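Me: I have a protein model to read and I am new to this. Could you take me through its features step by step?

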Amino acid sequence: MTGRRNSNYQDLRHGPTSGEIEEPLPEMRVVVQADLLVGKALLVEERFRPDAVAAPPGCVHLDLGHAPRPFPTRPGSTLEPMAGRGYKTEAVVLRSIRFAEADRVLHIYTLERGRVGAVAKGIRRTKSRFGARLEPLSHVELMLHQGSGELATVTGAQLVRPHSDAREHPYRLAVGLVGLEAMLRLFTEQERNPRAFEVLTRFLDLLDEAEARAEEPALDPLVLSFQLKLLWLSGYLPHLTSCAECGAEGPLVGYSPRAGGAVCERCGADSLPLSAGGISGIEGLLGSPLADAQISKPAAREALRVITSSYEYHGGFRLRTVATRG
Ligand SMILES: [Zn+2]
């Protein structure tokens, strides 16, 4: 277990020049049965948007091969418009890594293509045309050029929402970084998912005005709700309405990541403790819009444990922004 976790810390720590490629993990996809999700999915769906459609079950992919790699550099500036393979998209900057002398490699989540890696050349020069627009949390509109390498090149950037109110406030920033890391780890594919983009931008909009509501940023109701919705969009929403192992209606006493949800006493041998209050707290977050996210303090701890163990079991990762304890 320890070895597996450790191998997953790599990709967020290493810069693009490290030349190390993340060690692939054994694939552990668990398909959540569609019928188990229907009732809950519809409920969440309604809160998302009226025109949402059902999420495909089981589409979390392991974060393989998406560590930034060396890419062919072109001589001279690539900022001038290039014909052919340019496209415009709204995007959120998830992560920004220094690269070469004045450049940055950006991990962005785009409306048009899902997760994209892009290089912003010259961004670290004081007179960069991008200014401070491409910071993590920024919601921008980008012109991207997809060359032959894996990384796109940013050829133009306009702010949609700067989210400076979130970035300049320590509590909000810490909450925001948990959310961005969850997005980084769960949505690794270049694959359009407008609902994921929508929930991400809504999370950031609400973050601008968020009060410090929890002792630890990771226990904040907004970011817990955001992550539960991301798990739902990924097909990994924990099943909490009956025993995920045997189907008994209850009483449910624990949470089993392997079973994909809450379990009864008979099936709960290796499960994590999960109280009735924890279950209803999680269901409350799932059943209400992000803007109305609220949960009691004890239930928030249980919700975090369910989220964390879902990440570990299904994706083989832990969030570095979430300090883990016991
Ligand atoms: Zn059972």
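Me: Let's begin with a pair of helices. Which residues of helix 4 meet helix 6?

Reply: This is a predicted model. To read a helix pair, list the residues in contact on each side. From helix 4 come Val175, Val178, Gly179, Ala182, Met183 and Leu186. They meet Leu222, Val223, Phe226, Gln227 and Leu230 of helix 6. By type, this contact holds nine nonpolar residues, two polar and no charged.

Me: At what angle do the axes of helix 4 and helix 6 cross?

Reply: Look at the axes, and mind their direction. Helix 4 covers residues 170-186 and helix 6 covers residues 221-233. Their axes cross at roughly 10° and come within 9 Å. Angles under 35 degrees count as roughly parallel. Helix 4 and helix 6 are therefore roughly parallel to each other.

Me: How many residues does the largest nonpolar core have?

Reply: The largest nonpolar core has 84 residues. Ala118, Met183 and Ala303 have the most contacts inside it. Helix 6 gives the most to this core, with nine residues.

Me: What is alanine 303 in contact with, beyond its neighbours in sequence?

Reply: Set aside residues within four places in sequence, then see what remains. For alanine 303, that leaves Leu224, Gly278, Gly281, Ile282, Leu285 and Ile295. Ala303 is among the buried residues of helix 8. Others there include Ala299, Leu304, Ile307 and Tyr311. Their cover includes helix 4, helix 6, strand 6 and helix 7.

Me: How far does helix 8 reach from its first C-alpha to its last?

Reply: Compare the span with the expected one. Helix 8, residues 297-315, has 19 residues and reaches 26 Å. That is close to the 27 Å expected at 1.5 Å a residue. Just after helix 8, glycine 316 takes a positive phi of about 70°.

Me: Which residues other than glycine have a positive phi?

Reply: Two cases are worth a look. Alanine 100 has a positive phi of about 50°. Its place is the loop between strand 1 and strand 2. Leucine 137 has a phi near 90°. That residue sits in the loop between strand 3 and strand 4.

Me: Are alanine 100 and leucine 137 buried or partly exposed?

Reply: Count the C-beta atoms within 10 Å. A residue is buried at 20 or more, and exposed at 12 or fewer. Alanine 100 has 14 such neighbours, so alanine 100 counts as partly exposed. Leucine 137 has 23, so leucine 137 is buried.

Me: Where is the cis peptide bond at proline 251?

Reply: Read omega for this one. The bond from glycine 250 to proline 251 is cis, with omega near 0°. Proline 251 lies in the loop between helix 6 and strand 6.

Me: What does histidine 139 touch beyond its neighbours in sequence?

Reply: Look for partners from elsewhere in the chain. Histidine 139 lies in strand 4. Histidine 139 touches Val92, Val160, Arg161, His163, Thr201 and Leu204. Valine 92 is 47 residues away along the chain, yet the two C-alpha atoms are separated by 4.5 Å. With 18 C-beta neighbours inside 10 Å, histidine 139 counts as partly exposed.

Me: How many helices and strands are there in the protein?

Reply: Finish with the whole. The protein has eight helices and eight strands. Of its 326 residues, 43% count as buried. Among contacts between residues at least 6 apart in sequence, 61% join residues at least 24 apart.

Technical notes: Residues numbered from 1 in each chain as written. Predicted model: local features only at pLDDT ≥ 70, side-chain atom pairs only at ≥ 80, totals over all residues. Axes fitted to C-alpha atoms, helices over the stretch in contact; angles between N-to-C directions. Helix = DSSP H or I, 4+ residues; strand = E, 2+ residues; numbered from the N terminus. Parallel < 35°, antiparallel > 145°, perpendicular 65-115°, else oblique. Contact = placed C-beta atoms within 7 Å. Nonpolar A, V, L, I, M, F, W, Y, C, P; charged D, E, K, R; others polar. Core = buried A, V, L, I, M, F, W, Y, C linked by C-beta atoms within 7 Å. Expected span 1.5 Å × (residues − 1).
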